[in-house]
Amino acid sequence: MQSTRLEQTEKLTAPDRVVGVRRGAALIACALTFGLVQLDATIVQVSLDSLRTDLGGGIGAAQWVIDGYAVPFAACMLAAGALGDRFGHRRGCLVGFVIFGLASILAAVSGSWALLITARALQGVGAAVMLPASLAIISRLYSEPRSRSRALGVWGGVATTGFAAGPALGGLLITHFGWPSIFWINVPAAAVIATTIGILAPTDVTGLHRIHALSTVLGMIGLAGLTGTVIEAGQGELIMAAGLSAITVIAGCAFVRTERRTARGHRRSRPPEPLIPPGLLRPPAFRWALLTGLCFNLAMYGALLCVSLTLQSSYDFSVLQGGLAVLPMALVVSIGATGSGYLAARVGPRPPMIAGFTSAAIGSAVIAVGGWAASPTMIIAGLTVVGLCSLAMPAMTSVALNSAPIEHAGLAGGALNTTRQLGGAIGVALLGAILNVGGARFGFVEALLLAAIVCAVALLSTVRATTSTGAGHDR
């Protein structure tokens, strides 16, 4: 078994077999995978009023169109990353696209909240399977740390553009074609991207790990409960939040016990392995990168939500105008994330991460001042500066991937993006709750100042993560 493990690891670390234009096209396809996932997370934010008009119901049902995607997305990503390491990342990515595409069709033809929320949950599952697999494919395509940093810059530029462009594209589509169009657009996009990955991605290396089924299920239940707790608490549903938190604690304790028992059995050469191998969390750089990712999404998602809601509710921006107000941020995000990879390859990940979070803290403060002064121009300008937070994303991803064993690339990507998704859920729930309680002036200012504080925490975790990688340079 040890010789088989060594042979499979050597295949993962062998020189790249996909090179030149083919490798570049595969990279773009992997980046578009994340871009599509990000786009689908934010494009629905501008559709809630249209959905309520057509389907009826209150804000609670409409909110679950967003949350129904977020909960399975966060819950399944860690398990999906581990299963990709086991059964192959190209195969996993294609399975994810099939689920995502079929779920998008179901969402587009939905005539009720129940069917639409079910479709959104299936989209979240598909996205959770696609994302860590596509990131692991990039690790295979670009095995040398500096070339990987540059590749992650391209990946981050495309992906974060999808996140920031979602409200603008959603506003355009809904205005001219109605809300089903924001789901129909996924179908041809998924088909083209999946076909490209199927043709160009490296051959799968399978059978490297055998994951304990009970650990996998308990981990998914615990993460789903944690995400649901954050969401329900943010909406003021305290009884539901308490019930979900109890489920989280029970599943979490059972998960830890199962993982410890499985680890002891595996050390005695009795597979399967624990879902989270002890060695994965051992490097300090990886642990600090997880915290940095959580802070990144908390600040970005929370700030974008507060700005989008306030522009439409307090300054009479239409759906289309609210979406277009985000376009300057989308442009800055694309440039910043792409440049981050090249900068990280030249000077290490620390400078772009520090620059990104410093800019985000300053931008959040500018937005807060704009809210106090009732100036939508200043709010939009501050949001554009927040977009420079994109400088941090590819660099922090490279820190996480470079500090994890190559045979656990899928699991490492799943862990990073799980914490990021949890951060986004916390940001939406916490900053959204502050906005609702305090109103469009006081609450808005308090929410954005909290976003600035979170960025300051991210600066501290950045220093710790990059110190652990050797004076801030990729190893």
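Is Ala374 buried, exposed or partly exposed? Ala374 is partly exposed, because its relative accessible area is 47%, and on this scale buried means under 20%, exposed means over 50% and partly exposed lies in between, with a 1.4 Å probe and protein chains only.

Before I go on, please keep in mind that this is a predicted model, in which local features need pLDDT of at least 70 and side-chain atom pairs count only at pLDDT 80 or more, while totals for chains, interfaces and linings use all residues. Residues are numbered from 1 along each chain as its sequence is written, and side-chain values use heavy atoms, with hydrogens and water left out.

Let me stay with the loops for a moment. Ala374 sits in the loop between helix 15 (350–372) and helix 16 (376–386), where helices are DSSP runs of H or I with at least four residues, numbered from the N terminus. The phi angle of Ala374 is near 55°, which is a positive value in a residue other than glycine. Asp316 also has phi near 55°, again positive in a residue other than glycine, and Asp316 belongs to the loop between helix 12 (284–314) and helix 13 (319–324). Asp316 counts as exposed because its relative accessibility is 66%.

Now to the charges. Side chains of opposite charge can pair when their charged atoms come close. How many salt bridges does a search of the whole structure find? The search finds one, taking a salt bridge as a side-chain nitrogen of Lys or Arg within 4 Å of a carboxyl oxygen of Asp or Glu. In this salt bridge, the side chains of Asp40 and Arg120 meet at 2.8 Å, N to O. The pair links distant parts of the chain, since Asp40 is in helix 2 (residues 20–42) and Arg120 is in helix 6 (residues 113–141), 80 residues apart. Asp40 is buried, with a relative accessible area of 0%, and Arg120 is buried as well, with 0%.

Next come the aromatic rings, of which the structure holds five pairs; rings of Phe, Tyr and Trp (its six-membered ring) pair if their centres lie within 6.5 Å, and planes under 30 degrees apart count as stacked, over 60 as edge-to-face and the rest as tilted. One of these pairs is Tyr69 with Phe73, a tilted pair at 5.7 Å centre to centre and 45° between the planes. Because they are four residues apart in helix 4 (residues 59–87), Tyr69 and Phe73 are separated by about one helical turn. Tyr69 counts as buried at 2% relative accessibility, and Phe73 counts as buried at 3%. Another pair, Phe296 with Phe357, is edge-to-face, at 6.3 Å centre to centre and 85° between the planes. That pair links distant parts of the chain, with Phe296 in helix 12 and Phe357 in helix 15, 61 residues apart, and both Phe296 and Phe357 are buried.

Finally, I turn to the surface, where Val98, Leu102, Ile105, Val109 and Trp184 form a nonpolar patch with about 470 Å² of accessible area together. Patches are made of residues with over 30% relative accessible area and no salt bridge, nonpolar side chains (Val, Leu, Ile, Met, Phe, Trp, Tyr) being joined within 5 Å and like charges within 9 Å, and accessible areas come from the Shrake-Rupley method with a 1.4 Å probe. Helix 5 (residues 89–108) gives the most to the nonpolar patch, with three residues, whereas Trp184 is found in helix 8 (residues 181–184).

Notes: Helix = DSSP H or I, 4+ residues; strand = E, 2+ residues; numbered from the N terminus.
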